[in-house]
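Open the model in your viewer and turn on the cartoon view. The stops below say what to select next and what is there.

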Amino acid sequence: MKYWLIKSEPDDFSFDDLMKSENRTTHWDGVRNYQARNFMRDGMSVGDKVLYYHSNIPAPGVVGVAQVASKPYPDPTQFDPDSKYFDPKASEEEPRWMLVDFQGLHELPRKVTLNEMREDPALANMRLVQRGNRLSVMPVAREEFEHILGLAGQ
């Protein structure tokens, strides 16, 4: 099993939105960064655990736990000319962008903020706290995942 962190702006798609989705599951479309795409396409497996992170708010942080709920498959938004994620270079025969489905498991007892994680020596090597890291999908070490759950009171 691997561990991941995914970021979403709560105004766009919050953890509550995920938990209210049918079967608490949604597809993670619109990722247009090759490294993030590669993590989903090449690294994620059904059942991998995921930290759900709210970004672009005054106190960003991890708010919930999800799991990978599907194998990777082509992101349909790349083929839709009316979508803001349309990619004219993509084709059904050669898709450029992949996605996976995520299923919400549970909300954390409390949010673990980015500032908290930055100040915690146990998380000093975590990708999220590294300068310039803006990926919306990134791997997390098992120890980091468990430490964050502990910080949240779980």
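Begin by selecting Glu-146 and Arg-142, whose side chains meet in a salt bridge with an N to O distance of 2.8 Å. A salt bridge here is a side-chain nitrogen of Lys or Arg within 4 Å of a carboxyl oxygen of Asp or Glu. Side chains of opposite charge can pair when their charged atoms come close. Both Glu-146 and Arg-142 lie in helix H5 (residues 142–151), four residues apart, which is about one turn of the helix. Helices (H or I, at least four residues) and strands (E, at least two) are DSSP runs, numbered from the N terminus.

Before moving on, note that this is a predicted model, in which local features need pLDDT of at least 70, side-chain atom pairs count only at pLDDT 80 or more, and totals for chains, interfaces and linings use all residues. Residues are numbered from 1 along each chain as its sequence is written, and side-chain values use heavy atoms, with hydrogens and water left out.

How many salt bridges does the structure hold? There are five. For another one, select Asp-75 and Arg-32, whose side chains meet at 3.1 Å, N to O. This pair links distant parts of the chain, 43 residues apart: Asp-75 is in the loop between strand S5 (73–74) and strand S6 (98–99), and Arg-32 is in the loop between strand S2 (25–27) and helix H3 (34–43). Asp-75 is buried, at 0% relative accessibility, whereas Arg-32 is partly exposed, at 28%.

Next, select Arg-96 and Asp-87, which form a salt bridge of 3.1 Å, N to O. Arg-96 is partly exposed at 24% relative accessibility, while Asp-87 is buried at 10%.

**Strand S1 and its partners**

Select residues 3–8, which make up strand S1. Six of the six residues of S1 are buried, so the strand is largely enclosed by the rest of the structure.

Which strands pair with S1? Two strands pair if DSSP finds at least two bridges between them. Strand S3 runs parallel to S1 and is joined to S1 by six bridges. Strand S8 (residues 137–140) pairs with S1 in the antiparallel sense, over four bridges. Select Tyr-3 to find a bridge partner in each: Lys-49 in S3 and Val-140 in S8. Then select Lys-7, whose bridge partner in S3 is Tyr-53.

Move to strand S3 (residues 49–54), where five of the six residues are buried. S3 also pairs with strand S4 (residues 61–68), in the antiparallel sense, over six bridges. Select Leu-51 to see Val-65 of S4 opposite. Last, select Asn-56 in the hairpin of S3 and S4, which has six residues between the strands; Asn-56 takes a positive phi near 55°.

Conventions
Buried < 20%, exposed > 50% of the residue type's maximum accessible area, 1.4 Å probe, protein only.
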